Amino acid sequence: LLSMVWSFGGSLNLQHREAFARWIGGMTTVAVPSVGDRTLLEYEVDVSDGEWVPLENKVPSIEIETHKIIASDVLISTIDTVRHEQLLQSWLKERRPVLLCGPPGSGKTMTITAFLRSKP
């Protein structure tokens, strides 16, 4: 289900992607999570037990010192940054070429820099 949502809906804007994810969730016979306003986009499947796990559980809780907030190398993790990190990890693990696209200021450089800094 997740691959279908991202394959067909990945190029949609957020509002349409959420609507598409809800539509897919309503069409399937597979049990999908339904918690408040969350959609399939905010979950992943734990391969060890097949359970839906909110990506929110993977977002680290951090405390930032106020004088560091103006630094350009501070990355505050969100569901999106966790998702991007997982994608980058899987692509690089498979030695797949990666090209990040987006308008200026969308976070391409910050995403890849933070990802590479997190690796040993």
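## Ground rules

Helices here are DSSP runs of H or I with at least four residues, strands are E runs of at least two, and both are numbered from the N terminus. This is a predicted model, where local features need pLDDT of at least 70, side-chain atom pairs count only at pLDDT 80 or more, and totals for chains, interfaces and linings use all residues. Residues are numbered from 1 along each chain as its sequence is written, and side-chain values use heavy atoms, leaving out hydrogens and water.

## The overall picture

The protein chain has 4 helices and 2 strands, and along the sequence they run α-α-β-β-α-α. Its C-alpha trace spans about 50 × 35 × 30 Å along the principal axes. Of the 120 residues, 18% count as buried (under 20% relative accessible area; exposed is over 50% and partly exposed lies in between, with a 1.4 Å probe and protein chains only).

## The core

Now for the inside. The largest nonpolar core has 8 residues: Val-5, Phe-20, Ala-21, Ile-24, Leu-40, Leu-41, Tyr-43 and Trp-52. Such a core is a set of buried Ala, Val, Leu, Ile, Met, Phe, Trp, Tyr and Cys residues joined through side-chain atoms within 4.5 Å. Helix H2 (residues 14-27) gives the largest share of this core, 3 residues.

Leaving aside residues up to four places away in sequence, Trp-52 touches, among others, Leu-1, Pro-33, Leu-40 and Tyr-43; contact means heavy atoms within 4.5 Å.

Ile-79, Thr-81, Val-82, Arg-83 and Leu-88 of H3 are buried, and what covers the buried residues includes helix H1 (2-9) and helix H4 (108-117). After H3 comes Arg-95, with a positive phi near 60 degrees.

H3 packs on H4 at an angle of about 65 degrees, their axes 10 Å apart. Axes are lines fitted to C-alpha atoms, for helices over the stretch in contact, and angles run from 0 to 180 degrees between N-to-C directions. The contact involves His-84, Glu-85, Leu-88, Gln-89 and Leu-92 of H3, and Thr-111, Ile-112 and Phe-115 of H4.

## A stop at Leu-75

Leu-75 sits in the loop between strand S2 (52-54) and H3. At 30% relative accessibility, Leu-75 counts as partly exposed. Beyond residues up to four places away in sequence, Leu-75 touches Ile-62, Thr-81, Met-110 and Ala-114.
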